[in-house]
Amino acid sequence: MRLASRCSLDLTRILAGLLLAARLLAQNGNLERDLAAWRTQHAAELLKPDGWLSLVGLEWLEPGDNTVGSGSDNKIRLAKGPAHLAVLHLEGATVTLNPPSGGFPQDFLVAGAPATPQPLHAEPNQDKIAPRMTIGELNLYVIRRESRFALRVKDAQSPWITGFHGLKWYPPDQTYRVTAKWIPYVPFKTITLATLVGTNYDQPVPGAAEFVLAGKTWRLEPVLEDPTVAKLFFILRDTTSATTTYPACRFLYTGFPTSGLDKPGELVLDFNRMENPPCAYTPYSTCPLPP
């Protein structure tokens, strides 16, 4: 009877070990599958006609008239397109789009409609709402950084798009997918982020994510870029930044915690999804630096 009990106990342990191994294999399989899909989608986003790999210019506006076109007599000279495209007039905190002396080119569009003289709305660090000006393969819009304004130029056939050869990633590792404890800040606190172009801007911090990794407890604070989107933004730098990853930082985006921003809960952080910032691909971006 003792031998039978011992065999039964050993069998139970073996079965438990096999079940655990099966669960771990399934988790790793799901991680690799989901991660591969996300990484493919991330590369596709970079390669969009107006994605970060299309960014070919960042021209800071001066007070008064800023002529734009491919002609050598323009203040802002484009690599392609009409010799005289438009005039951007900066006065105080207002940028106005005006036609060049010969009028706007016929196929020049603003927000999908034929170009007309108009103010170009630009909010600090809210580039998504800026009206897009398009002609041929070019996509242009005005951005604002503190009190400074710039014209951002994108080209659907940029050298970074046509010369793209894929991205390099670390192998998937389940260890770097952690469940953090969410510690809300009520009210939100505010931090000032510096950027690579020497500007600063304030962002709300809704809380902190606390977790254990490699036997240590870590605490990270994300910013809330857009209150209308359920997404948290972590700006990180680690020891790999001195060796194999982009030196300035990497980004990690997550969803919201399980109980929302204002209540304690849990938040999944998958560091396998850390991505390069736009400034790793183009010198014309204005990336924030880690706080």
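Tutor: About 1400 Å³ of space lies in the largest pocket. This is a predicted model, where local features need pLDDT of at least 70 and side-chain atom pairs count only at pLDDT 80 or more, while totals for chains, interfaces and linings use all residues. Residues are numbered from 1 along each chain as its sequence is written, and side-chain values use heavy atoms, without hydrogens or water.

A pocket is found on a 1 Å grid over the protein atoms alone: it is an open set of points where a 1.4 Å probe fits, with protein on both sides within 12 Å along at least five of seven lines. Grid points are joined across faces, edges and corners, and the volume is the space filled by probe spheres set on them.

The largest pocket has 45 lining residues (an atom within 4 Å of a point). Nearest its centre lie Trp52, Lys128, Glu225, Tyr253 and Pro278. Two or more residues each come from helix H1 (2–46), strands S10 (138–145), S11 (148–155), S15 (232–236) and S16 (250–254), and S13. Helices (H or I, at least four residues) and strands (E, at least two) are DSSP runs, numbered from the N terminus. H1 gives the most, with 5 residues.

By class, the lining has 18 nonpolar, 13 polar and 14 charged residues. Nonpolar means Ala, Val, Leu, Ile, Met, Phe, Trp, Tyr, Cys and Pro; charged means Asp, Glu, Lys and Arg; the others, Gly among them, are polar. Domain 1 (52–163) and domain 2 (168–290) each supply at least three lining residues; the bounds come from an automatic or database domain assignment.

S13 (residues 200–213) meets S14 over 5 bridges. In one of these strands, S14, Trp218 is the bridge partner of Phe211.

Tyr170, Asp238, Thr240, Arg250 and Met274 are the closest to its centre, among 36 lining residues. H1, S13, S14 and S15 each give two or more.

Definitions and conventions
Two strands pair if DSSP finds at least two bridges between them.
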